[in-house]
Amino acid sequence: LKLLRPKPFKRASIIDREPRVVAPSAQAPAAAMATKEQLVDQIKSLQRTDPAAKQAWHDFSDVQLGGMRDPNRQDHQTLTNFLTLFTTGGISSITEQAAAMRGPEPATLQEKIKQLQKTDQAAKRAWDEFCDAQMGGFKDPLRHDNATCDWFLGLYNNGGLKAVQQANMQATGGWGGDGGWGGDGGWGGDG
């Protein structure tokens with residue numbers, strides 16, 4: 001007798017599956033048996049390695065958890081629910097809800113800066129310092145052209161407040177402005 005060998009099992013990717021919301025009773029057994037610490041580690045690892053997973057966790061947290069994004073502060077069931085939704089593609093409905101909560105994307109660079117100022121205190125401080133050092137103190141983004149706004153956003157997105165402060169130091173010639181460390185071209189201030 002000749003034994004027939006079964007064909008290898010082809011595992012479907014997340015892309016091949018239709019998005020669906022999974023009831024808690026149908027969750028993946030591996031996630032259900034993991035400890036809370038293992039689930040937290042898994043979610044943190046996903047966030048570090050996959051930008052889509054990081055955004056999915058943020059969306060899930062915003063919609064389902066009132067914005068509480070720290071997985072350590074969630075219970076086992078909540079973490080299991082997220083992982084199940086994420087691995088089955090069921091997270092898409094939550095992502096759509098989060099996008100609706102955020103509202104439309106800003107249309108112009110000036111609007112992006114205004115939105116950034118409202119939502120991120122470090123960005124607001126960076127914009128204020130940037131305007132003081134580079135733009136004569138005019139802080140209203142609508143008073144600046146696209147090139148200026150793009151320059152700031154590029155600096156901030158690539159290095160945050162520190163990158164903006166470094167650009168400001170180069171423009172002013174040092175910490176104190178006017179070419180010296182203490183202001184007015186000297187070390188101590190006036191001279």
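T88 has a relative accessibility of 13% and therefore counts as buried, where buried means under 20% relative accessible area, exposed over 50% and partly exposed in between, with a 1.4 Å probe and protein chains only. This is a predicted model, in which local features need pLDDT of at least 70 and side-chain atom pairs count only at pLDDT 80 or more, while totals for chains, interfaces and linings use all residues. Residues are numbered from 1 along each chain as its sequence is written, and side-chain values use heavy atoms, with hydrogens and water left out.

- T88 is placed in helix 4; helices (H or I, at least four residues) are DSSP runs, numbered from the N terminus.
- From its side chain, T88 reaches the backbone oxygen of T84 at 2.8 Å, and a polar contact is a pair of N or O atoms within 3.5 Å; within protein, one must be able to donate a hydrogen and the other to accept it, and residues adjacent in sequence count only if both atoms are side-chain atoms.
- T78 also lies in helix 4, and its relative accessible area of 16% makes T78 buried.
- Apart from neighbours within four places in sequence, T78 is in contact with F60 and L65, contact meaning heavy atoms within 4.5 Å.

- Helix 3 covers residues 51-64, and its 14 residues should span 20 Å at 1.5 Å a residue; the end C-alpha atoms are 20 Å apart, which agrees. The expected span is 1.5 Å times one less than the number of residues.
- The buried residues of helix 3 include A53, A56, W57, H58, D59, F60 and S61.
- Among the elements covering these buried residues are helix 2 (36-49), helix 4 (76-88) and helix 5 (92-102).
- At the N-terminal end, helix 3 is capped by D50, which has a side-chain oxygen 3.0 Å from the backbone nitrogen of A52.

**Aromatic pairs**

- The structure has 9 aromatic pairs. Rings of Phe, Tyr and Trp (its six-membered ring) pair if their centres lie within 6.5 Å; planes under 30 degrees apart count as stacked, over 60 as edge-to-face and the rest as tilted.
- W127 and F152 form an edge-to-face pair, because their ring centres are 5.0 Å apart and their planes stand at 80 degrees.
- This pair ties together parts that are 25 residues apart in sequence, since W127 lies in helix 7 (residues 121-134) and F152 in helix 8 (residues 146-172).
- W127 is buried at a relative accessible area of 0%, and F152 is buried at 1% relative accessibility.
- F152 also pairs with Y156 in a stacked arrangement, 6.0 Å centre to centre with 15 degrees between the planes.
- Both F152 and Y156 lie in helix 8, 4 residues apart, about one turn of the helix, and both are buried.
- A cluster linked by ring pairs contains W127, F130, W151, F152 and Y156.

**Cysteines**

- The structure contains 0 disulfides, a disulfide being a pair of cysteine sulfur atoms within 2.5 Å.
- For C131, the closest cysteine sulfur is that of C149 at 8.3 Å, which is too far for a bond; C149 is likewise in no disulfide.
- C131 is buried at 0% relative accessibility, and C149 is buried with a relative accessible area of 0%.

Definitions and conventions. Helices (H or I, at least four residues) and strands (E, at least two) are DSSP runs, numbered from the N terminus.
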